[in-house]
Amino acid sequence: MFINRVNELKWLEESYKKASKEGQLLIIYGKRRVGKTELVKHFIKNKPHIYHVVEKGTAIDQLKTAAQVLTPPASFQNWREMFKFLGDKLTGQKKPLVLVFDEFPYLVESDAAVPSYFQVGWDEYLKNKKVMVVLMGSSIAMMYKHALIKSSPLYGRRTGQWLLEPFSFAETKKFYPETSFEKAFSLFAITGGIPAYARVFDGGKNLRENIANFILPQGSFLSVEPELLLADEFTDPRSFLTILKSIGLGRTKFSEIIQDTGIEATALPGYLKTLINLRLISKEVPVTEPIPEKSKKGNYALADPFLRFYFSFIFPNNSLIKNGEFEALFARRGEVLTNLVAKSYEETAGEFVKQAMRDGKVPHFNQLGRWWERDAEIDLVGLNKEQNEILFTEVKWSNKPIGTEILNELKAKAPKVVWGDKNRREYFALVSKGGFNPKLIEVAKNEGVYLFEEDHATEC
């Protein structure tokens, strides 16, 4: 089952059309299991292609293995010979050939000069042919260093690049077409929209059953995933792992991370910047901050939902898990799971609001984000500076319908948000898994409050 990736496929098809006139060199990168291989394999169906999955090995083995993928298999002394062979093969080609190197970073690991070999091959033998070269990689750090930044020999040669992102909730729930919203969202809260994770889970079972069946048992597919994810990015992950553990256990401020990890204050910013660039953590500031990058109000959080789950639920309870005491684990830490799902629901509310904007059910807001100060917090605030309009949103992962007290509490917090001028127009919205009681629905209808039940805007 191939799900979505409409924009990515459109980009690939447009690049393929361009390859009929001039060569295309594309870089596709993204974290492990996000679906890069499935995307490209789906795209190359019914197209002339050579697909090479790179495995770890010596420089000599890498060249031999790549040559064996060709038809007929060949033998070369160096990469220049191989690219010359391909260039000659492409002479007179009617349809563009798609040439894919999946896990390009493994080539670079075997020989640091590989990007230079590919540069020469591209410049001398391929760029003027009907060819579309695709270099793919799961190590975001390696792909940046060897294919995307200015110091890379390939920097001036690439014709396009795409960072493949995890699925949204709307896309992820297509994996579970027959299940309830609560089950589907709970699974999304753990998988974070990574297709390979989503496929493992059973939509007919609840979150605890899925964790017990597919994550906790020794040897299961997801049991060592965090270790593999970090191994892709770091040769020595110890300091980074210490930081991730600290944030996962609730140390979200810079000072708290220093105190918990023992990492020097001068060194910590570099580690945090690397983790942010790799999209493993995020730095969040109140949405109303005028210069976010200079704000001192920032909090750090694990950006990867599966890592967030791992470091807050799995890691602190390894002894119970290794002893197979799963029921004791859920009894002791069940509240942690509920909080993880509730937090994810708050974060995903922005997706619901954006869809309502596209559908014309809610006014447009240029910025969406969380807001907080010492004694108050609002789950989602929308800003439209041009229109001087602001949206205040409260999100509740509640089993029961919520009432007017939640709306009144939100209205009480709204004046604390310093933004816009005194004549700003204020809107209010509520998002609730359990829906709304009749009195709140009536108030919302009279006052123009936007209501979202589960993941969609309702008609009051």
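This is a predicted model: local features need pLDDT of at least 70, side-chain atom pairs count only at pLDDT 80 or more; totals for chains, interfaces and linings use all residues.
Lys47 is buried, helices α16 and α18 run roughly antiparallel, and the peptide bond from Thr71 to Pro72 is cis.

- Let's start with Lys47, which sits in the loop that links α2 (36-44) to β2 (49-53).
- Its relative accessible area is 14%; because buried means under 20%, Lys47 counts as buried.
- Leaving aside residues up to four places away in sequence, Lys47 touches Glu13, Tyr16 and Val98.
- With Glu13 there is also a polar contact, side chain to side chain, at 3.0 Å.
- For a sense of scale, the C-alpha atoms of Lys47 and Pro115 are 26 Å apart, and the two residues are separated by 68 residues along the chain.

**The α16 and α18 helix pair**

- Two packed helices are described by the angle between their axes and the distance between the axes.
- Here, the axes of α16 (residues 305-314) and α18 (residues 326-358) come within 10 Å and cross at roughly 155°.
- Angles over 145 degrees count as roughly antiparallel, so α16 is roughly antiparallel to α18.
- The crossing of these two helices, α16 and α18, is right-handed.
- On the α16 side, the contact is made by Arg308, Phe309, Ser312 and Phe313.
- On the α18 side, the contributors are Leu329, Phe330, Arg333, Val336, Leu337, Leu340, Lys343 and Glu347.

**Backbone features worth a look**

- Most residues other than glycine have a negative phi, and most peptide bonds are trans.
- The bond from Thr71 to Pro72 is cis, with omega near -5°.
- You will find Pro72 in the loop between α3 (59-68) and α4 (79-90).
- Arg279, which is not a glycine, has a positive phi near 60°.
- This arginine, Arg279, lies in the loop between α15 (268-277) and β6 (281-284), and at 33% relative accessibility Arg279 is partly exposed.
- Glu454 is not a glycine either, and has a positive phi of about 60°.
- Glu454 belongs to the loop between β12 (450-453) and β13 (456-457), where a relative accessible area of 27% makes Glu454 partly exposed.

How values were computed: Residues are numbered from 1 along each chain as its sequence is written. Side-chain values use heavy atoms; hydrogens and water are left out. Helices (H or I, at least four residues) and strands (E, at least two) are DSSP runs, numbered from the N terminus. Buried means under 20% relative accessible area, exposed over 50%, partly exposed in between (1.4 Å probe, protein chains only). Contact means heavy atoms within 4.5 Å. A polar contact is a pair of N or O atoms within 3.5 Å; within protein, one must be able to donate a hydrogen and the other to accept it, and residues adjacent in sequence count only if both atoms are side-chain atoms. Axes are lines fitted to C-alpha atoms, for helices over the stretch in contact, and angles run from 0 to 180 degrees between N-to-C directions. Angles under 35 degrees count as roughly parallel, over 145 as roughly antiparallel, 65 to 115 as roughly perpendicular and the rest as oblique. A crossing is left-handed if the near helix is turned anticlockwise from the far one by less than a right angle, and right-handed if clockwise.
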